[in-house]
Amino acid sequence: MNSTNEAAAVAGPASGRTGRTHRLRGLAVTGLIATLAAMVATTLAAALAQAVGVDFEIPEGGETIPLPGFAVVTGFFSVVGVVIALALLRWSARPAQRFVWTAVPLTAISLVPPLVAGADTATTSALLGLHLVPAAVMIPTLARSLRTRTD
């Protein structure tokens, strides 16, 4: 073996790991930026809904959902979506397609609680819309990012 082949043999596996690490890190950064954007968009939409008279009162506990609550819940579930995307990038042959196949049904399932909470029509409608706002930010962003990292 000459020194050129030895260097390539040593650099080969490490560069493969570096490429995978770079793809995962890039997706994580994109996902966290999208999470922040989804949190801001959802909180602003909730504030707008409150400004036009939606009270966000849930009859079961009689409590009103506070604006920061929208940001916290959006952030938590958006990070869950990023983790799913990272796992699919790592272990799936078609991560973008699998991510959409996973995220869309999860979004549909997330629409059930507002429908069964027993809130008034304005609150229920606003909550349904507020579930779709972060989905509209996160799903296309992460799917696009997954596509560019697997091409």
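So, α3 and α5: in this predicted model, helix α3, residues 95-110, packs with α5 at an angle of about 170°, and the two axes are 9 Å apart. That angle is over 145, the cut-off we use, and α3 and α5 are therefore roughly antiparallel to each other.

Who's making the contact? On the α3 side you've got Pro-95, Ala-96, Phe-99, Val-100, Ala-103, Val-104, Thr-107 and Ser-110. Over on α5, the list includes His-131, Leu-132, Ala-135, Met-138, Ile-139 and Leu-142, and Arg-147 and Thr-150 are in there too. If you sort the residues of that contact by type, you get 13 nonpolar, four polar and one charged.

Okay, α5 itself. This helix runs over residues 121-150, so to speak our 30-residue one, and spans 43 Å from first C-alpha to last, close to the 44 Å expected at 1.5 Å a residue. There's a kink, though: about 25°, centred on Ala-135, and Ala-135 is also one of the α5 residues touching α3. At the N-terminal end, Asp-120 does the capping, with a side-chain oxygen 3.3 Å from the backbone nitrogen of Ala-122.

Last stop, Ile-58, which sits in strand β1, residues 57-58. Leaving out residues up to four places away in sequence, Ile-58 touches Glu-63, Ile-65, Ala-117, Ala-119, Thr-123 and Leu-127. Then there's Pro-114: 56 residues from Ile-58 in sequence, but 9.3 Å away in space, C-alpha to C-alpha.

Note on methods. Residues numbered from 1 in each chain as written. Predicted model: local features only at pLDDT ≥ 70, side-chain atom pairs only at ≥ 80, totals over all residues. Heavy atoms only, no water. Helix = DSSP H or I, 4+ residues; strand = E, 2+ residues; numbered from the N terminus. Expected span 1.5 Å × (residues − 1). Bend = angle between axes of the 7 residues up to and from the residue. Polar contact = N/O pair within 3.5 Å; in protein donor to acceptor, adjacent residues only side chain to side chain. Axes fitted to C-alpha atoms, helices over the stretch in contact; angles between N-to-C directions. Parallel < 35°, antiparallel > 145°, perpendicular 65-115°, else oblique. Contact = heavy atoms within 4.5 Å. Nonpolar A, V, L, I, M, F, W, Y, C, P; charged D, E, K, R; others polar.
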